[in-house]
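Hi,

Here is the structure I promised to pass on. Have a look at it first, and then read my notes below.

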Amino acid sequence: MKKPNSDETPFSYPVKVGHISANPVEVRLKADNRELEGLAKLWDVLSVPKLEADLKIARWKRDGVRLKGNVRAKIVQACVVTLEPVESEINEEFEQIFVPEGSKLARMPSVDAGEMVLDPDGADLPETFTGDTIDAGAAVAEFAALGIDPYPRKPGIAFEDHIEDTGEDDKKPSPFAVLKDWKKE
């Protein structure tokens, strides 16, 4: 595993595309302490005690790569109400396709009028890569990050002393309200 620099994810697992066959290769990734500390800084959380993934890496179509698997993580964040540590578990299934930069498979499908066709329930567009390597670790870290609760709260903690405005006292201001204090002299 190569050492990350400031432009890379703290969790990296480079895979040479030329070594990937049509038969899926199973790989188990587990972050070490240095990588866990780097992920905690990247995700702006108190700590990341665990990050691991089970992957199947296989050739996709002629020159693409399919990365499919499951990522599991344990994350400690600050409660948005009390700032006390809150531990949460992430368990996400994911699939990502990678194609070489410039591949026709990376383009967005469009209709004759030049409009893009988006299917919100459909598969994501393939990610592109340059050179002969993809970073499976970076993909795992991205999918784990998607599972992080943006507003963690300790169980049983609610916002107190917070009154929600119902809007029932709201009145539409009169356009002549500014003139009521105006007097002719």
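A quick term before we start: a residue is buried under 20% relative accessible area, exposed over 50%, and partly exposed in between, using a 1.4 Å probe and protein chains only. With that in hand, Phe94 is buried, and Phe143 is buried too.

Some housekeeping: this is a predicted model, where local features need pLDDT of at least 70, side-chain atom pairs count only at pLDDT 80 or more, and totals for chains, interfaces and linings use all residues. Residues are numbered from 1 along each chain as its sequence is written, and side-chain values use heavy atoms, with hydrogens and water left out.

Back to those two rings. Rings of Phe, Tyr and Trp (its six-membered ring) pair if their centres lie within 6.5 Å; planes under 30 degrees apart count as stacked, over 60 as edge-to-face and the rest as tilted. Searching the whole structure turns up one aromatic pair. The ring centres of Phe94 and Phe143 are 4.7 Å apart and their planes sit at 15°, so this pair is stacked. It links distant parts of the chain, with Phe94 in strand E5 and Phe143 in helix H2, 49 residues apart. (Helices, H or I with at least four residues, and strands, E with at least two, are DSSP runs numbered from the N terminus.)

Next, the core. A nonpolar core is a set of buried Ala, Val, Leu, Ile, Met, Phe, Trp, Tyr and Cys residues joined through side-chain atoms within 4.5 Å. The largest one has 34 residues, and Trp43, Leu51 and Val71 are among those with the most contacts inside it. H2 gives the largest share, six residues. Val71 is in contact (heavy atoms within 4.5 Å) with residues including Phe94, Val140 and Phe143, leaving aside neighbours within four places in sequence.

Now the charges. A salt bridge is a side-chain nitrogen of Lys or Arg within 4 Å of a carboxyl oxygen of Asp or Glu, and the whole structure has seven. In one of them, Asp132 meets Lys16, with the closest N and O atoms 3.5 Å apart. Asp132 lies in the loop between strands E6 and E7 and Lys16 in strand E1, so the pair ties together parts 116 residues apart in sequence. Another joins Asp54 and Arg72 at 3.2 Å, N to O. These sit in strand E3 (Asp54) and strand E4 (Arg72), 18 residues apart. At 28% relative accessible area Asp54 is partly exposed, whereas Arg72, at 15%, counts as buried.

Cheers
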